[in-house]
Amino acid sequence: MAAHFGRRLRKGAASTAVAAAAVAALSASQAPGVAGEDNRPTTAGATTSAPDGEGNGNATGNSPYFTDLPPLKSPEPGPSAPVGTPVSRGDGEAGIPATVLDAYKKAAAELRTSKPGCNMPWQLLAAIGNVESGHARGGQVDADGTTLRRILGPQLDGRGFANIPDTDGGAYDGNSTYDQAVGPMQFIPSTWAWAGRDGNGDGKKDPNNVYDAALAAGHYLCRNDWDLSREADLHGAILSYNNSQDYLNLVLNWMEYYREGTHSVPDGTGGVPEHRSDDGSEDPASPRPTDPPTTEPAPKPPHKPGGGHGGEDGNGGGNQTPGPKPPTPKPPVPPKPPETPTDLVDHLTGTGTGKLTAMAGDAFAERIGVRAETKVGKSVAKVRIRFTLTGDTDATFAGGETVATVATDAKGLAQAPPLQAGEKTGDFKVTAAVVGRQVKGVDYTATVTARAADTLARTGDIPLVCTAGGEFAQQVQVKATYQGAVADKVAATATLVKSPLDATANDKGPYFKDAAGKPVRTLTGLQTDAKGLLTLPKLYADDTAGTFLLRITTTGGATLTVELKVEAAVPVIPVPAPSATSQSPAPDPTASS
């Protein structure tokens, strides 16, 4: 991943008077520290109280965050990048783990319905998710979107961070003394208590679930009637998440980077940032173990009558009968996590999908399906199956995606969305895999064939006739169809052949002209239009009279032979002009009658 955004960025902003003043002014104008989702200033300079922890006023408690910058396409840093900050040049950072990307997009889609005036871009959620947790540590989530291990920030004990005593009894962060930011979007428990959402429909609001956390972050950023298409509201919303000008600049950089283009990568394979705003003294994406339960000290052994206290009475310790050795406390056995449907899957089985073949531009008739099974062949429901297209192809699933995730039904079956062929011909692969579990998957091979026609017909019936040495008045036009439907974008060839049995190009008779005006008798690279029509260039005739053949063929085997007639030119007989000697003499007017 890319470069470090300076050192101690969050604290650096506070140490710079100008930046602090700018942040304070913008924060005050946008009221980033209000308590509830839709609270707004009640009077000038006053807001409702914030439940986010004393003196905190934001979602994360100003916890540390990753400071890696996105790569730049240009060789020079952009205007929003800090001067002197090194940047990477690769594009791997554009890949977002598939489940995490799905969570960002679904949260933004829900907000387009519930809060259309907010204009929430999913790229903003992606930017915050990357800065806060590196997209859940590169997509380390299970099939339901829950992180495989807790993602916790350092305890907020006032030592370099905000001072937020425990507000949840350790329910979310396992810390009953101080709060810690929790989950892929790094909410502190006091904020999650009112901002939490159920984003995946399982009836729970879990800050460790990327669907729940992304939706909660979206609603948090959309409170106060903020319209994120307005720069002031966008900046105010981001500062309300973490009150730092450097944080604001960093999130804006990532948001614009994701707007330029992203792609999904398999869960668990995403890149993880390297640099932190607190110099990486504690990895906020690593679980912080809770203190083990303490055991009461063993009772002191009883004193022997008349005995001393370990020799302190001057009689020595020999008169004391040692008590029983206290039992060694056994460490608590952590509860075994409950098995999920995904844990039960041993393999996937294809559901008998036939041969996957489609013509370029058409939908595949067959649907891809798989069945999730246990080791003994029992079907497993509610398992997320990811279908991925790979290979040199522009085919997609319906909707234009190359990755689709579908949950198995009660019979353990999952069917991919319909496949749509692109224009590239050839083979590609469709892989079905279980999300969140490494088990044997299923691969399918799909083939895209060239567009074809099975019938060609002339659009007119006027005979094609011209005089030797002249040009044909009519241009040849044909219409191509395939199984009765218009055959558009079909490749075709036109040749003036020697005879019905000899398809080689003729060396005399009608001809076309190339760009230089020279005669040609074979045209290649022709293509029907959107209506299946193909209009050939104008035809010319040399001085050879007779009947000639024009043969048109297309991909798919459609062939049409058109007859051309060249009539001999009518000879022109010159009429000699009368000469002076052959003229009759004029009558002599003097002659007598």
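A residue counts as partly exposed when its relative accessible area falls between the buried range, under 20%, and the exposed range, over 50%. With that in hand, welcome to a set of close-ups from a predicted model.

**Close-up 1. Lysine 538 and glutamate 471 meet through their side chains in a salt bridge.** The N to O distance here is 3.3 Å. Lysine 538 sits in the loop between strand S22 (533-535) and strand S23 (546-554), while glutamate 471 belongs to the loop between strand S14 (464-467) and strand S15 (477-482), so this pair ties together parts 67 residues apart in sequence. Glutamate 471 has 42% relative accessibility and therefore counts as partly exposed. Lysine 538, at 33%, is partly exposed too.

**Close-up 2. A salt bridge joins arginine 451 to aspartate 488.** Their closest N and O atoms are 3.0 Å apart. Look for arginine 451 in the loop between strand S12 (442-449) and strand S13 (455-458), and for aspartate 488 in the loop between strand S16 (485-486) and strand S17 (491-499); the two are 37 residues apart in sequence, so the bridge ties those parts together. Arginine 451 is buried, with a relative accessible area of 13%, whereas aspartate 488 is partly exposed at 23%.

**Close-up 3. Arginine 230 pairs with aspartate 233 in a salt bridge.** In this pair the closest N and O atoms lie 2.8 Å apart.

**Close-up 4. Helix H6 (residues 210-221) packs against helix H7 (residues 231-241).** The angle between them is about 125 degrees, and their axes are 9 Å apart. That angle makes H6 oblique to H7. On the H6 side, Ala217, Tyr220 and Leu221 make the contact, and on the H7 side Ala237, Ile238, Ser240 and Tyr241 do. Sorted by class, the contact has six nonpolar residues, one polar residue and no charged ones.

**Close-up 5. Tyrosine 220 and tyrosine 241 form one of the 11 aromatic pairs in the structure.** A pair of aromatic rings is described by the distance of the centres and the angle of the planes. Here the ring centres are 5.7 Å apart and the planes meet at 90 degrees, so the pair is edge-to-face. Tyrosine 220 lies in helix H6 and tyrosine 241 in helix H7, 21 residues apart, and the pair links these distant parts of the chain.

**Close-up 6. Tyrosine 257 and tyrosine 258 make a tilted ring pair.** Their centres are 5.9 Å apart and their planes stand at 55 degrees; planes over 60 degrees apart would count as edge-to-face and those under 30 as stacked, so this pair is tilted. Tyrosine 257 is buried, with a relative accessible area of 10%. Tyrosine 258, at 2% relative accessibility, also counts as buried.

Definitions and conventions: Residues are numbered from 1 along each chain as its sequence is written. This is a predicted model: local features need pLDDT of at least 70, side-chain atom pairs count only at pLDDT 80 or more; totals for chains, interfaces and linings use all residues. Side-chain values use heavy atoms; hydrogens and water are left out. Axes are lines fitted to C-alpha atoms, for helices over the stretch in contact, and angles run from 0 to 180 degrees between N-to-C directions. Helices (H or I, at least four residues) and strands (E, at least two) are DSSP runs, numbered from the N terminus. Angles under 35 degrees count as roughly parallel, over 145 as roughly antiparallel, 65 to 115 as roughly perpendicular and the rest as oblique. Contact means heavy atoms within 4.5 Å. Ala, Val, Leu, Ile, Met, Phe, Trp, Tyr, Cys and Pro count as nonpolar, Asp, Glu, Lys and Arg as charged, and the others, Gly among them, as polar. A salt bridge is a side-chain nitrogen of Lys or Arg within 4 Å of a carboxyl oxygen of Asp or Glu. Buried means under 20% relative accessible area, exposed over 50%, partly exposed in between (1.4 Å probe, protein chains only). Rings of Phe, Tyr and Trp (its six-membered ring) pair if their centres lie within 6.5 Å; planes under 30 degrees apart count as stacked, over 60 as edge-to-face and the rest as tilted.
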